[in-house]
Amino acid sequence: MKLHITPTAGLNLFTAYGDDYVAVNHEKHQSSLIVLPDRLLAAWTSANVGSLQESDMQALLGLGVEVVLLGTGKRLRFPAPALMRPFAPAGIGLEVMDLQAACRTYNILASEGRKVAAALLFD
């Protein structure tokens, strides 16, 4: 078996998280944001899961990624089905999970070189 070291230098990765914050490359964030391997989009929305709008989700569709991890805060909550519907025809996976699971999953996928975005909402 051949093992390869995956270079992660220069990637945005989660280095810590808690109930009310995440740290990306050791920089703390406490409001909604979108994290991509090569950039951060701070203040993505002021909404929570129940108040997400179509415009919030349209921003995710235009990121040029193959999968979006929607972190919904302290617990798993799904947005309205109509908001999730456009992702499948666009060929983009949308995975909904709690914020901490989204951080862990993002780090794995980004380290593998996948085109991934973590869109995080805080309670």
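## Strands and the sheet

Strands are runs of E, at least two residues long, and helices are runs of H or I, at least four residues long, as assigned by DSSP and numbered from the N terminus; two strands pair if DSSP finds at least two bridges between them. The model described here is predicted, so local features need pLDDT of at least 70 and side-chain atom pairs count only at pLDDT 80 or more, while totals for chains, interfaces and linings use all residues. Residues are numbered from 1 along each chain as its sequence is written, and side-chain values use heavy atoms, with hydrogens and water left out.

Five strands form an open sheet in the order E5-E4-E8-E6-E7, and their pairing is mixed. At its edges lie strand E5 (39-42) and strand E7 (93-97), each of which pairs on one side only. Strands of a sheet pair through backbone hydrogen bonds, either parallel or antiparallel. Strand E6 (residues 67-71) and E7 pair in the parallel sense over five bridges, and Val67 has Gly93 in E7 as its bridge partner.

## Helix H3 across the sheet

Helix H3 (residues 99-111) lies across strand E4 (33-36), E6, E7 and strand E8 (116-120), and runs at about 165 degrees to E8; such angles, on a scale from 0 to 180 degrees, are taken between the N-to-C directions of axes, which are lines fitted to C-alpha atoms, for helices over the stretch in contact. Asp98 caps the N-terminal end of H3, where a side-chain oxygen lies 3.1 Å from the backbone nitrogen of Gln100. Just after H3, Gly113 takes a positive phi of about 85 degrees.

Some residues of H3 are buried, including Leu99, Cys103, Tyr106 and Ala110, where buried means under 20% relative accessible area, exposed means over 50%, and partly exposed covers what is in between (1.4 Å probe, protein chains only). The buried residues of H3 pack against several strands, among them strand E1 (14-17), strand E2 (22-24) and E4; contact here means heavy atoms within 4.5 Å.

## Two nonpolar cores

A nonpolar core is a set of buried Ala, Val, Leu, Ile, Met, Phe, Trp, Tyr and Cys residues joined through side-chain atoms within 4.5 Å. The largest such core has 21 residues, and Leu60 and Leu70 have the most contacts inside it. E4, helix H1 (54-61), E6, E7 and E8 each supply at least two residues of this core, and H1 gives the most, with three residues. A second, separate core of 20 residues includes Leu33, Val67, Tyr106 and Leu120.

Leu94 has its place in strand E7 and counts as buried because its relative accessible area is 19%. Leaving aside neighbours within four places in sequence, Leu94 is in contact with Met57, Val68, Leu70, Met84 and Phe87.

## Two loop residues

Ser32 is found in the loop between strand E3 (27-29) and E4, and this residue counts as buried because its relative accessibility is 6%. The side chain of Ser32 reaches the backbone oxygen of Thr45 at 2.3 Å.

Arg75, in the loop between E6 and helix H2 (81-84), is by contrast exposed, with a relative accessible area of 54%. Arg75 and Leu99 are 24 residues apart in sequence, and their C-alpha atoms are 7.4 Å apart in space.

Note on methods
Polar contact = N/O pair within 3.5 Å; in protein donor to acceptor, adjacent residues only side chain to side chain.
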